[in-house]
Amino acid sequence: MSVRRTWTLLVSLLLVGGCAWGCGPVGPSPHLTQEELAGTWVNDQGATLEVNSDGTFTAAALRACATKDEPLDFEPDSGQGTWELEAPEALSPYQTVNLRFGPPENFAWDDWLADDDEMFFFIGDPDSNERCTFRRK
């Protein structure tokens, strides 16, 4: 192998490896089912999310994750509704969960992320990586 080809290969490997390291968590998708996600999820601030395998949920005190810098401007703070688990995406260690409160509120809260052990949503800009994290009870 020529020196030029060796350097090209080395630089390519460094670029690909650097992106994989710096681009956030990359790994196999959890491939969760509704039955596997079902259960009671709690966080350290006192919020709870009871997810049922029939696609319904009950939530309480979700604004507990608010901070002074990032108030959670959504309604409702507590309530009931339905949820949907999106299909797994390639190279994502989480699956997306979408909540629909109501009736009567009819409020949609998309982009919760879940794996086997945790479920969370981002507070404010996802680039800040500030999360409201729930663990199985």
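Is Glu118 buried or exposed? I looked this up before anything else. Glu118 is buried, at a relative accessible area of 11%. The terms I use here are buried for under 20% relative accessible area, exposed for over 50%, and partly exposed in between, with a 1.4 Å probe and protein chains only.

**Ground rules**

I am working on a predicted model, where local features need pLDDT of at least 70, side-chain atom pairs count only at pLDDT 80 or more, and totals for chains, interfaces and linings use all residues. I number residues from 1 along each chain as its sequence is written, and side-chain values use heavy atoms, with hydrogens and water left out.

**Confidence**

I checked pLDDT, the predictor's confidence in each residue, from 0 to 100. The protein has a mean pLDDT of 82, and 73% of its residues reach 70 or more. Confidence is lowest in helix α1 (residues 3–22), with a mean of 54, and highest in strand β1 (residues 39–42), with 97. The pLDDT is below 50 over residues 18–22, and this stretch has 1 contact in the model beyond near neighbours in sequence. Contact means heavy atoms within 4.5 Å. I took helices (H or I, at least four residues) and strands (E, at least two) as DSSP runs, numbered from the N terminus.

**Salt bridges**

I found 2 salt bridges in the structure. The term stands for a side-chain nitrogen of Lys or Arg within 4 Å of a carboxyl oxygen of Asp or Glu. In one of them, Glu118 pairs with Arg135, and the closest N and O atoms are 3.2 Å apart. Glu118 is in strand β7 and Arg135 in strand β8, so this pair ties together parts 17 residues apart in sequence. Arg135 is partly exposed at 43% relative accessibility.

I also noted a salt bridge between the side chains of Arg100 and Asp110, at 2.4 Å, N to O. Arg100 belongs to strand β5 and Asp110 to strand β6 (residues 107–114), 10 residues apart. Arg100 is partly exposed, with a relative accessible area of 34%, and Asp110 is partly exposed with 35%.

**Disulfide**

I counted 1 disulfide, which is a pair of cysteine sulfur atoms within 2.5 Å. Which residues does the disulfide join? I read Cys65 and Cys132, with S to S at 1.6 Å. The link is right-handed, with 45° about the S-S bond. Cys65 sits in the loop between β3 (56–60) and β4 (79–85), and Cys132 in strand β8 (residues 131–136), so I wrote down distant parts of the chain, 67 residues apart. Cys65 is buried at 5% relative accessible area, and Cys132 is buried at 0%.

**Rings**

I counted 8 aromatic pairs. Rings of Phe, Tyr and Trp (its six-membered ring) pair if their centres lie within 6.5 Å; planes under 30 degrees apart are stacked, over 60 edge-to-face, and the rest tilted. One of the pairs is Tyr94 with Phe120, edge-to-face at 5.0 Å centre to centre and 90° between the planes. Tyr94 is in the loop between β4 and β5 (95–101) and Phe120 in strand β7 (residues 118–122), 26 residues apart. Tyr94 is buried at 14% relative accessibility, and Phe120 is buried at 1%.

I then saw that the charged end of Arg131 sits over the ring of Phe120, 4.0 Å from its centre. The rule for this is NZ of Lys or CZ of Arg within 6 Å of the ring centre and within 35 degrees of the ring normal. Ring pairs also link Trp109, Trp112, Phe121 and Phe134 into a cluster.
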